[in-house]
Protein chains: 2
Amino acid sequence: DRILVGRDDEHGGVIVEMESEQRLDLDPRLFSSLLKASISRWRQQGKKGIWIKVPIELVGLVQAAVEEGFYFHHAEPAYLMLVRWLADTPNTLPANASHRVGIGAFVFDENNQLLVVQEKSGRFRGSGVWKIPTGVVDQGEDICDAAVREVKEETGIDAKFLELLAFRQSHRAYFDKSDLFFVCLLEPLSFDIHPQEAEIEAAQWMAYEEYAAQAFNQKSKILQLLAEVCEARRNNRYSGFSAVSTSADYSKGGSHLYLD
Amino acid sequence: DRILVGRDDEHGGVIVEMESEQRLDLDPRLFSSLLKASISRWRQQGKKGIWIKVPIELVGLVQAAVEEGFYFHHAEPAYLMLVRWLADTPNTLPANASHRVGIGAFVFDENNQLLVVQEKSGRFRGSGVWKIPTGVVDQGEDICDAAVREVKEETGIDAKFLELLAFRQSHRAYFDKSDLFFVCLLEPLSFDIHPQEAEIEAAQWMAYEEYAAQAFNQKSKILQLLAEVCEARRNNRYSGFSAVSTSADYSKGGSHLYLD
């Protein structure tokens, strides 16, 4: 019997990547019978987890896979990953990515002025609240780089990452995913502000005391703690985590270790 | 015209949750024509991002949505989230969850003995390498709780979270997602070891020097840095981040702030 072409993974499983170029002519009924034959073979071979990656062009095959007992593992814009556990042993398939990661950046100039922005959208739109620049860390992006990028994008200010001051983990923030928000301290390398048109209403250097005195900050326990941290850090009574560039043998690409 | 029932989100978009109970009789062709009419209406109303959540029981509707210009945003075992940007303005839809989060736990007893394990699976299987307990943080789980849970599961030891010593961010670790690994310091509350049968080959208290002297540790820059951190922490020359329980107004559930 013909079966689907897959490769073995490191955990006794099989990964099948449907390729849109070769398989645009693949009829769902043919796919279904190939899948049945494949499952039978894989079970004989003692395979455990079976992964099928379906590019969005082949979406017509998804229903057939679900009918053969597969379920959704994760999806990205261009593909859907389906999985089925075949073995009699307990299912040890890894969980899907669980966290979104964000950053906020404290950038002080030499006169203790803080770089702040007013946002054009979101919950603070039109509120007059001055905030530190914040943003989402892209997949594959280092936290320290994301802080520098967001500050540059929102305000035009070039800056250098100094230290991670603190971070917050919260839950059910977004499609039931958890959230990690890293508060970074940056040193400005330029001082002329050019606010981003699409997202930023206004940006300026502001006396730190004025920023901290806003009602919005006074009401928030977290922002008060962060204000204390900033103050202590600037008086050398607090140490955050520095970023050390390193590599991990078991991960592609580089990585950073954050430590005191 | 009938259109799909949706609710407005906070960003000018619409969220449609297909309900499997009511819609098991929904024919893909009827869904397709409802969707066309809905898109036309939403466009007139100036709606931006349109979300359609399809439970796996209604997988037969997915192809019709893709044919109407929707693409995959994310998926969990029981549903697939599709999205389409309708507005003429740039697409500002949020990215999918990007990170997996793990923990490792240093647990020292009063005699400077470290709690270590040998794993039954993975790359260290059969290698004789003694490691600290590690594991994956569940979606919705606090990092400090995950460290305590993993130590208990793998070794039977009850412990209390003391401090976060350091963390590492790496990339393309797993289905191209990024990875955050938090190294925690815990205080043991019990000392009798009961290794988990399924995953742990052996567990013991081991002299810290012996752990650190393993060839595997000597070869790893990260593990050497962490050994230095541990040593400095135990001599009160290093401070990690403590966990402060707090709440965020814009997130459901509690959260923790980690700071020095």
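In helix 7 of chain A, the buried residues are A:I222, A:L223, A:L225, A:L226, A:A227, A:V229, A:C230, A:A232 and A:R233, where buried means under 20% relative accessible area with a 1.4 Å probe, protein chains only. The model is predicted, so local features need pLDDT of at least 70 and side-chain atom pairs count only at pLDDT 80 or more, while totals for chains, interfaces and linings use all residues. Residues are numbered from 1 along each chain as its sequence is written, and side-chain values use heavy atoms, without hydrogens and water.

**Helix 7 of chain A**
- The helix covers residues 221–234, and its 14 residues should span 20 Å at 1.5 Å a residue, which agrees with end C-alpha atoms 20 Å apart.
- Just after this helix, A:N236 takes a positive phi of about 60°.

- Beyond its neighbours within four places in sequence, A:F106 is in contact (heavy atoms within 4.5 Å) with residues including A:L114, A:Y211 and A:C230.

**Two chains**
- Chain A superposes on chain B, with RMSD 0.1 Å, by a rotation of 180° and 0.1 Å of shift along its axis, fitted by least squares on the C-alpha atoms of residues with pLDDT of at least 70 in both.
- The two copies are thus related as by a two-fold rotation axis.

Key. Chains are lettered from A and ligands numbered from 1 in the order in which they are written. Helices (H or I, at least four residues) and strands (E, at least two) are DSSP runs, numbered from the N terminus. The expected span of a helix is 1.5 Å times one less than its number of residues. Buried means under 20% relative accessible area, exposed over 50%, partly exposed in between (1.4 Å probe, protein chains only).
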